[in-house]
Amino acid sequence: MHTAFFLLLGSSLARFLIRHPGEPRTPWIIALSVSLALLYVLGPTVGARPTAPRRLIWLSLVVAVWVVIVILAPSFAWCAVPLFYTGLRTLPPRAALFLVAVLTAFVVVAQLKLAGGFDPILLFAPPAWAAVAAAVFLYMQRQAARQRELIDDLIRTRRELAATERREGTLAERQRLSMEIHDTLAQGLSSQQMLLQAADRVWDTDPAKARTHVRTAESITELGLAEARRFVHDLAPADLADGGGLAEALRGLADRESGAGLTVRFHAEGGPVPLPDRVSSALLRIAQGALANVREHADATTAALTLTLLDDQVVLDIADDGRGFTPPPATGTTAGVRGHGLPAIRARAHQLGGTLTIESAPGEGAVLSVSIPLEAQ
């Protein structure tokens with residue numbers, strides 16, 4: 001539009017100088033053309049915002065100088081074309097349409113004056129062209145405004161989604177940490193308490209057995225300290241840090257949990273299958289949580305850990321000969337289960353796409369079976 005304005009202004013001045021050489025109004029036409037050009041160049045410096053007061057004053061001066069020069073030389077009328085868009089960009093819609101109508105009227109009068117008589121095409125073509133140009137410009141403005149609104153909505157939605165994901169991530173991490181602490185530190189402290197209470201009961205009557213309980217509690221304390229340090233490092237189970245694999249970690253867990261009236265056996269079936277770290281970690285935590293429930297609630301004398309490694313899945317069974325219970329519904333609440341317990345076990349299994357099956361009845365012991373598919377890991 002800027003280039004078109006200067007081309008039209010220069011060609012109009014050249015036409016006037018060719019058609020009307022040496023006329024008394026020629027200096028005025030040249031002076032007004034230069035003034036109009038200088039005023040137009042000053043446009044970008046008088047205000048960045050379309051409705052800035054200085055920009056409105058600038059537009060008024062440009063239109064006023066153009067009107068004067070058109071009255072003196074009608075050939076300058078076509079410079080109105082770029083001024084249409086300048087007015088549409090600068091003024092509110094109604095004021096801009098009024099300015100376009102005024103400029104169009106001057107163009108029609110100037111062209112009829114140049115033609116020297118009535119010409120229908122000169123009477124109707126400029127208004128039709130101005131109407132089409134204004135309609136297209138206003139339509140594009142509305143589309144641009146809608147696009148800006150859509151972009152703003154998209155940015156706002158993305159920010160809200162990011163905030164929601166951060167909140168969900170924070171809650172998931174809190175839940176995971178709470179389950180980790182429950183399955184490690186809390187269980188270790190509970191075992192220590194039971195062993196120390198047992199040592200206190202036999203301290204005078206059976207000092208050797210009391211010292212055995214104390215040493216077992218000491219080993220559990222050492223393991224708990226290693227777990228706490230592992231939390232700080234990367235939250236991986238300390239039993240898996242030595243690289244012995246899940247089977248060795250479960251065998252060590254069974255040895256530690258045996259004692260104080262409970263014997264835990266471990267058995268592995270199937271060939272060596274490499275397991276992802278998160279699967280090994282989750283199954284070890286599940287075994288720790290299940291054995292903690294057995295020790296605290298089942299009143300059992302024996303328990304068994306069975307790890308079955310298949311090509312497409314890994315299965316961990318925890319069985320005990322305790323007093324049993326009525327399994328809660330899979331989607332319901334687990335009333336009567338202290339702490340996390342079964343909900344934590346079920347959550348860990350579901351996070352890996354696995355399932356938890358509980359077989360138990362009052363007085364008949366219990367079997368917990370966790371199956372994790374390996375294809376999806």
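**Exercise 1. What percentage of the contacts in the protein chain with a separation of 6 or more is accounted for by residues 24 or more positions apart?**

Solution. The structure under study is a predicted model. Consider the contacts in the protein chain whose separation is 6 or more; residues 24 or more positions apart account for 66% of them.

**Exercise 2. Describe the secondary structure and the surface of the protein chain.**

Solution. First, the elements: the chain contains 10 helices and 5 strands. Second, burial: 40% of the 377 residues count as buried. Third, the accessible surface amounts to about 21,200 Å², and carbon and sulfur atoms contribute 62% of it. Finally, the charges: there are 35 positive and 35 negative ones, and their mean positions lie 21 Å apart.

**Exercise 3. Is helix α4 mostly covered or mostly uncovered, and which helices do its buried residues pack against?**

Solution. Helix α4 comprises residues 80–90. A residue is buried when its relative accessible area is under 20%. By that criterion, 10 of the 11 residues of α4 are buried, and the helix is mostly covered. Among the buried residues are V81, L83, F84, Y85 and L88. As for the partners, the buried residues of α4 pack against α1 (2–19), α2 (26–41), α3 (53–72), α5 (93–115) and α6 (120–201).

Technical notes. Residues are numbered from 1 along each chain as its sequence is written. This is a predicted model: local features need pLDDT of at least 70, side-chain atom pairs count only at pLDDT 80 or more; totals for chains, interfaces and linings use all residues. Side-chain values use heavy atoms; hydrogens and water are left out. Helices (H or I, at least four residues) and strands (E, at least two) are DSSP runs, numbered from the N terminus. Buried means under 20% relative accessible area, exposed over 50%, partly exposed in between (1.4 Å probe, protein chains only). Contact means heavy atoms within 4.5 Å. Accessible areas come from the Shrake-Rupley method with a 1.4 Å probe; for residues, only the protein chains shown count as cover. Lys and Arg count as positive and Asp and Glu as negative; His and the chain ends are not counted. The place of a charge is taken as NZ of Lys, CZ of Arg, CG of Asp or CD of Glu.
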